[in-house]
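Hi there,

Here is the structure I promised to hand over. Have a look at it first, and my notes follow below.

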Amino acid sequence: MGAAARAATEWLPLGRGRAVRRLLRVWVVDPPLVLLVLGLTLFGVAMIYSAGQTNVPEPAVVGAWRRQLVWLVLALVAFTAVSRIPLRWVEWGAVPAYAVGLVLLVATLVVGTGAGTAAGTRSWIVLGPLRFQPAEAAKLGTILMLARYLARRDMAPATLRELVVPGVLVALPLGLVLLQPDLGTAQAFVGILFAALFWAGTPLFLLALLASPLPALILAFDNRIWGVYIVLVLGALYLWRYRLFFSESIAVVVANFAAGTVSRPLWDSLASYQQNRILVFLDPQVDPRGAGYHLIQSMVAVGSGGLWGKGFLEGTQKRYDFLPEQHTDFIFSVVGEELGYLGVLAALLFFGLLLARLVRLAERVADPFAGLILLGIFGAWMVHIFVNIGMTVGLVPVTGIPLPFVSYGGSFLLMSWVAVGLAVRAAHDDERSLG
Amino acid sequence: MSLDHPLVRQARSRVALIGLGVVFVLLGGAFFRLQVLQATDFVMTARENRLRRIDLPAPRGTIYDRYGRIIADNVPGYAVSLLPAPQDSIRASLERLAPVLGLDPAQRERLLVRARRDRGLPLLVDGDAALEAIAVLEENRVDFPEVVIDARPRRRYFGGAAVGHVLGYIGEIDEEELAEPDYRDRSRYDRGVVVGKTGIEREYESLLQGTPGTRYVEVDARGRIVGDFLGTSDNVPALPGEDIRLSLDLELQEFIHRIFPDTLNGAVVALDPADGSVLALYSAPSFDSNEFVGGIDEARWAELNDPERTPLYNRAVLGRFAPASTWKLASAAIALDLGVVRPDERMEVPCRGTYTFGNRVWRCWKRDGHGSVDLLEAIQHSCDVYFYQLGLRVGLQRLLDEATRIGFSRPCGIDLPQENPGIFPQGPDYWERVFGYTPREGEVLSLAIGQGPNQQTPLKMAQFYVAIARDGSAPAPRIFPDGPAPPAEGWELNLSQEALATMREGLRRVTAPGGTAYLSSLELWDLFGKTGTGQNPLSVRGLAEDDAWFAGMAGPRGGDPEVVVVALVQHGGGGSAVAAPIVAKAADFYLRRKHLIPVTSTQTLREHIMTGPWPAWAPRPAPPPSGSPSGGGVR
């Protein structure tokens, strides 16, 4: 092939395509994952723009989509940087990251301020023009710490006793977040714990026992139901050869009793808005103009979208201000109202593929630390996606939790992209192409 | 650790993917339920969320008089309402509106009570807001986002107090009315709709009432109006009510209102003898229907319900008064019909001021007596003694039968929501029922001169005189001759033309020289009539004047009567002094305008004499034989 011919093929789509693909692979490392995330982020920017198109425009919301784009640029930079960090360095930095996260959470309780959608809580730290939620950083720190701890064990946890350390590692930041109080983000820590333990090989039955006090917490509101539940737990323990794990069984029973006992005082200690959110989840109509209002209006928005939706920018519930927090926590209601069920299915498909990709990548990597990072991120996002989308249709109680990549929120978007950077590094750390 | 093995990872990955699938199927299912299965419900809810219905009141039909002049129409008015909202925001809105609309705290409280009662309906704050207030609200639209300003037709009455009773008044429909069958049509009648309460406005309510329209506005979550909603066929313009043309003469009403004595109570009815249609129907004291538009204030309402003067009481159709001498024509008609008396026949006993029947002495109003008179003279001079004997010739039973047949105990059937029937015994048992004794034959003496248990409305007497002015028949009086309801049954006196001519000639002589109402005679027209001085409970005891009647008819000289007018002035004294001038002037006014002759201020002979020399058209009366002046005290 002569030089002339080579120059000609340079311009062929094939040759150029190969070059672009190569560049993409070098930069984003894992094109399927990153393109899915990038697609979701841009979709989010579009929906944030739509959320600003209201009858009485709120300046903060109208320009949100532009700020989100700026944050996306920062996030891409952060992603690029993080994805260059060798995984061994990450492993080395896990403990400091976790510690810094805890310190920041403690600092938040002292100097934190409320902001935006959660003005009543102390979730934010303000540094000059910068404002961020330490809980987001603490989540990543916890994922790394947990992955490091579990990856260094030789055996999969087989007893409840072996779950104590991971439990405490998560309980510390979780407790601090609850003190802010930020019930929404706290749930993400639970997701991280269970996903990481699962990937570490913990038997599902053990995980179920670990989770058993949670239902007890709720069921204890009716003593008869609680009694039946306790009997069921005891029966399960008996079938599970309780003699071999006697102390664990005792602990489970005690935990269940304890949960049932403290549930009343715990309920009373909840702020009234938190109580109301749980009550209206059970029946939004108990307070249609108060606590149930948001949920009802969100359901009306989604339901009235129907199969085809009202069209991009055309949502009436959004336009006339019936939707609460339409650019942050309830952005998915706008999706449902304007793009209809088909739009919802498309968005769910994107999120599903994203989460599935994380699992697939985890399956592929041999390094346990890398796999645990991927599953930790999977657990956190799973909770975010399920709770955020589920609450718009009353599937789960309303808690202030953003939808990854779609909800407006700069620091959250940034940290989510940092997580993407960690994920692609974890998935491809062993490949030569990363240098 | 065992994580290393690819097969183990594969198994775990499968579990994770299954869990992922379950979660997403759950989410997809939840959205399917809302967006596909229940979509229709939620579409409705979203619509209700942002659309607010505003009723557009329909303008009532215009009311014209017989000449096409407008008696009642509508002008653009403005109503200020608040969209449905929680109590707190209604309260806040009212507080902001208070300085603009001048709402005091008590009014605000009342409005809040209404807002609580009619939750979900727009709250009418001011049904008739001043233009200045509307201007302020429109200029500061941004500060009053939940305020709806409606163009709302406002009723306007041109006649004012002159037509108050006959037109009636309007007001917001009340709960009791809503339950009535007339108001069953919920597309037209619902809370807040303005309906006719009395008079023509009530009688022809179903015609005059239009069909309200609706418009929808889009609102946001805070109840702020975003704009009109145009994307629906549910926006329906209001359909105005039907226009109606009455037989009333608006200017005649106004003229009567002007000349009726301010301080006295009474009624004037003018009928067209051609068809019995009502030219004027006036009751004093009157009220101005305009005062009721947009709600009457309480002080004024109390004034209108004053128990002494009862301005809301329509004396023309509800008030019942002893018809006195005006009823002598009825006695004469019955006697002529039965053939018990001939027109030129004189009674056995000449009038010497008294008449003795049984063991009782019955007096004529004129102590000196009228001498021997025939029927014409008896009518002219209103001789009681003549009519005592006429009554005796008819006999009590026959008088009762005939008067009942003619209809003196029935209502006329005029097209007004309320009318009282006359009081007249339908048989001798009346005395037993009411007074507890068997009537003696002497009762007929009282009845024959229009006293005794005989009370008639001015309208009824007018209908009777219509019969005399015509051929003895009298159609039921109608204010809206082309109205939908079939006219009520008319009257039939069964009189020969000769008898009628005799009676009319007797009436003509009343206003002729020497007659009881000569001073009320007119330059251009023949005026026939009969004075009456009716006793009332106060005058019997000498506490007040008698009620003054004049029932008359007038028309071109030598022609048929073209108008029948009856005036009753309570406690007015003699009929010739107070009532006759009203009738004469009203008839003159109506006839002059009908025949396109300018109306002058000197109408009756009385004014001519008072302002100048004796007019050539009026013959000078012969000096009275007894030397006493004619006029005053005529019964």
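Let me start with α9(A), which is mostly covered: 15 of its 17 residues are buried (20 or more other C-beta atoms, placed from the backbone, within 10 Å of the residue's own). Helices here are DSSP runs of H or I with at least four residues, strands are runs of E with at least two, and both are numbered from the N terminus.

A note on the source: this is a predicted model, where local features need pLDDT of at least 70 and side-chain atom pairs count only at pLDDT 80 or more, while totals for chains, interfaces and linings use all residues. Residues are numbered from 1 along each chain as its sequence is written, with chains lettered from A and ligands numbered from 1 in the order in which they are written.

Back to α9(A): the helix covers residues 183-199 and reaches 25 Å from first C-alpha to last, close to the expected 24 Å (1.5 Å times one less than the number of residues). Just after α9(A), Gly201(A) has a positive phi of about 100 degrees.

On to chain B, which has 22 helices and 19 strands. Of its 635 residues, 46% are buried.

In chain B, an open antiparallel sheet of three strands has the order β1-β8-β9; strands pair if DSSP finds at least two bridges between them. Its edge strands, β1 (51-56) and β9 (225-228), each pair on one side only. Three bridges join β8(B) (residues 213-219) to β9(B), where Ile225(B) is the bridge partner of Val219(B).

Enjoy exploring!

Key
Buried ≥ 20, exposed ≤ 12 C-beta atoms within 10 Å, placed from the backbone.
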